[in-house]
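Let's go through this model together, one label at a time.

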Amino acid sequence: MKSYDIVIVGGGPAGLAAAVSARESGIESILILERDNELGGILNQCIHNGFGLHTFKEELTGPEYAYRFIEKVYELGIEYKLHTMVMDISHDKIVTAMNRTDGMFQIQAGAVILAMGCRERPRGALNIPGYRPAGIYSAGTAQRLVNIEGYMPGHEVVILGSGDIGLIMARRMTLEGATVKVVAELMPYSGGLKRNIVQCLDDFGIPLKLSHTVVDIEGRERVKAVTIARVENGKPVPGTEERYTCDTLLLSCGLIPENELSRSAGVEMSPITNGPVVNESLETNIPGVFACGNVLHVHDLVDYVSEEARKAGANAARYIKDGCKDAEAGQVIEIAATDGARYTVPSTINLDRMEDLLTVRFRVGAVYQNAFVSVYFDDERVQHRKKKIMAPGEMEQVILQKKKLAEHDGLKKITIKIEAE
């Protein structure tokens with residue numbers, strides 16, 4: 001059985017940034033395992049611009065952004081295997097994988113970094129009455145068909161769900177000559193970034209109907225029309241139905257972290273994010289198993305994925321250098337989200353291992369205007385920052401200083417909440 005100091009599962013933006021960071025932290029023995037036929041992950045099909053403003057201070061397309069990291073992987077001589085599916089990760093970090101060249105094989109890892117990304121949520125298709133004719137795609141599948149395979153899914157389009165991929169595909173399909181009739185969103189707010197609503201819908205005159213869903217699909221062989229209706233208290237309102245003729249229905253009903261491997265390995269999962277529960281080092285409950293990027297929680301910007309992954313790579317390197325010891329005992333502080341804040345990443349902080357500054361990311365559960373993000377150390381409020389608008393589609397963050405935490409003697413719990421005043 002071959003062994004590597006660090007095995008990274010996934011060769012997308014998170015896996016690449018983690019690998020580069022681990023190598024720059026002094027670890028030579030690194031292997032990236034990627035199931036696709038090339039490195040870069042989902043960015044390869046995201047040909048629109050808007051990536052890299054934080055990381056590179058310039059606007060790049062998805063493939064350009066990915067290639068910046070792929071180039072570094074080449075330069076640093078980091079090993080990788082493509083067309084390789086990881087089947088299992090054992091509790092003692094034996095990684096079982098397979099590909100057509102090596103067959104089934106096992107690798108002993110000193111540390112494992114989970115960077116499998118996320119997948120589209122199929123839920124939107126499940127509650128719609130009617131047949132299942134051709135012409136119903138997830139937005140990500142349609143994106144791959146248009147941008148990589150060179151196929152046009154259809155010419156008259158209705159989109160259900162206003163996640164970022166759905167919004168971007170509304171613009172992409174329009175630019176390719178299709179007519180996007182409407183974007184229907186079940187929730188009373190969009191699930192995507194504000195800039196995508198403006199640039200992808202408003203700029204092209206595509207209507208967004210909030211609190212609406214698809215209630216009927218017509219067609220046996222191919223979609224002929226869909227009917228949408230307004231939703232109140234979770235139920236369609238009779239008399240509000242609108243029928244749109246179309247040959248394509250795209251579903252953009254959110255993303256969920258790709259965590260079957262994490263679960264089978266025994267990683268503790270968050271019921272809110274559907275991703276692993278991690279500490280300040282992005283380490284899971286299994287010592288030496290780290291998680292970063294969209295497998296941990298779904299991000300809105302790839303720049304944040306890379307930033308997080310670089311920390312995971314550096315912390316995995318530190319774990320190897322420390323002799324793969326469990327985290328030393330130290331003051332552990334719980335981080336809780338409440339009153340509008342849905343979750344936090346990380347969930348705990350070991351004060352002894354925390355860096356001078358720690359970014360805690362979270363999402364809100366509703367749209368808030370002129371509200372405050374408040375941080376409490378036990379019962380004492382220490383931060384109270386006004387935000388003009390907060391929405392579930394955009395991540396929020398607070399910065400914690402190690403010095404401030406250390407000054408608060410006996411601190412047991414940090415609470416992040418949304419307050420009106």
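Q: Which residues are linked with Arg 35 in a network of salt bridges?
A: Arg 119, Glu 258 and Glu 260 are linked with Arg 35 in that network. A word on the source: this is a predicted model, where local features need pLDDT of at least 70, side-chain atom pairs count only at pLDDT 80 or more, and totals for chains, interfaces and linings use all residues. Residues are numbered from 1 along each chain as its sequence is written, and side-chain values use heavy atoms, with hydrogens and water left out.

Q: Why is the contact of Glu 258 and Arg 35 called a salt bridge?
A: The term needs a side-chain nitrogen of Lys or Arg within 4 Å of a carboxyl oxygen of Asp or Glu. Glu 258 and Arg 35 meet at 3.5 Å, N to O, so the pair qualifies. Glu 258 sits in the loop between β17 and α7, and Arg 35 in the loop between β2 and α2, 223 residues apart. By this rule the count comes to 19 salt bridges.

Q: What makes Glu 258 buried or exposed?
A: Buried means under 20% relative accessible area, exposed over 50%, and partly exposed in between (1.4 Å probe, protein chains only). Glu 258 has 15%, so this residue counts as buried.

Q: Why does the pair of Glu 24 and Lys 72 tie together parts that are apart in sequence?
A: The closest N and O atoms of this salt bridge are 3.5 Å apart. Glu 24 lies in helix α1 and Lys 72 in helix α2, so the pair ties together parts 48 residues apart in sequence. Glu 24 has 43% relative accessibility and therefore counts as partly exposed; Lys 72, at 31%, is also partly exposed.

Q: How do you know whether Lys 417 is buried or exposed?
A: Its relative accessible area is 17%, so Lys 417 is buried. Its salt-bridge partner is Asp 339, at 3.8 Å, N to O. Asp 339 has 44% relative accessibility and so counts as partly exposed. Lys 417 belongs to strand β25, whereas Asp 339 is in the loop between β19 and β20, 78 residues away.

Q: What makes β22 and β25 a pair of strands?
A: Two strands pair if DSSP finds at least two bridges between them; a strand here is a DSSP run of E, at least two residues, and a helix a run of H or I, at least four, numbered from the N terminus. Strands β22 and β25 are joined by 6 bridges, so they pair, and they run antiparallel. Tyr 376 stands opposite Thr 415 in β25.
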